[in-house]
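Try each task before you read its solution.

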Amino acid sequence: PFEIEIASTGQVLTVPADHTAWEVLDKAGLYVPVSCEQGICGTCLVGVKAGIPDHRDSYLTDEEHEANDQFTPCCSRAKSARLVLDL
Ligand code: FES
């Protein structure tokens, strides 16, 4: 599990191992558009202000993955205990 913090509100949500970050955001009423749910299309892309994503998409380039300033919540997770999302 890892935590996601919503930068605009300070709200902290926990992403359990059996749920995606996108599912947790959606359940909390935070709308992020989604399409492929497999890390291919980039529709769900969200900015990351702090923390290290565990990138599992094939949409971003290697350079974009290394920048760690955006991630795909439909499939990617976190290497750090918390990600602060630009939402
Ligand atoms: Fe397609 Fe997330 S919905 S990359």
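**Exercise 1.** Which residue in E7 does Ile4 stand opposite?

Solution. This is a predicted model. Start with the strands: E1 covers residues 2-6, and E7 covers residues 82-85. The two pair in the parallel sense, over four bridges. Now look across from Ile4: Leu83 in E7 stands opposite.

**Exercise 2.** Which residue in the hairpin of E1 and E2 takes a positive phi near 80°?

Solution. Go to the link between the strands. The hairpin has five residues there. Gly10 is the one with a positive phi near 80°.

**Exercise 3.** In what order do the five strands of the open sheet lie, and why is one side of E2 and of E5 left without a neighbour?

Solution. Read across the sheet: E2-E1-E7-E3-E5. The pairing is mixed. Next, check the edges. E2 and E5 (70-71) stand there, each with a single partner strand, so one side of each has no neighbour in the sheet.

**Exercise 4.** What average pLDDT does the protein have, and what ipTM does the complex get?

Solution. The protein averages a pLDDT of 98, and 100% of the residues score at least 70. For the complex, the predictor gives an ipTM of 0.99 and a pTM of 0.95.

Note on methods
Residues are numbered from 1 along each chain as its sequence is written. This is a predicted model: local features need pLDDT of at least 70, side-chain atom pairs count only at pLDDT 80 or more; totals for chains, interfaces and linings use all residues. pLDDT is the predictor's confidence in each residue, from 0 to 100. Two strands pair if DSSP finds at least two bridges between them.
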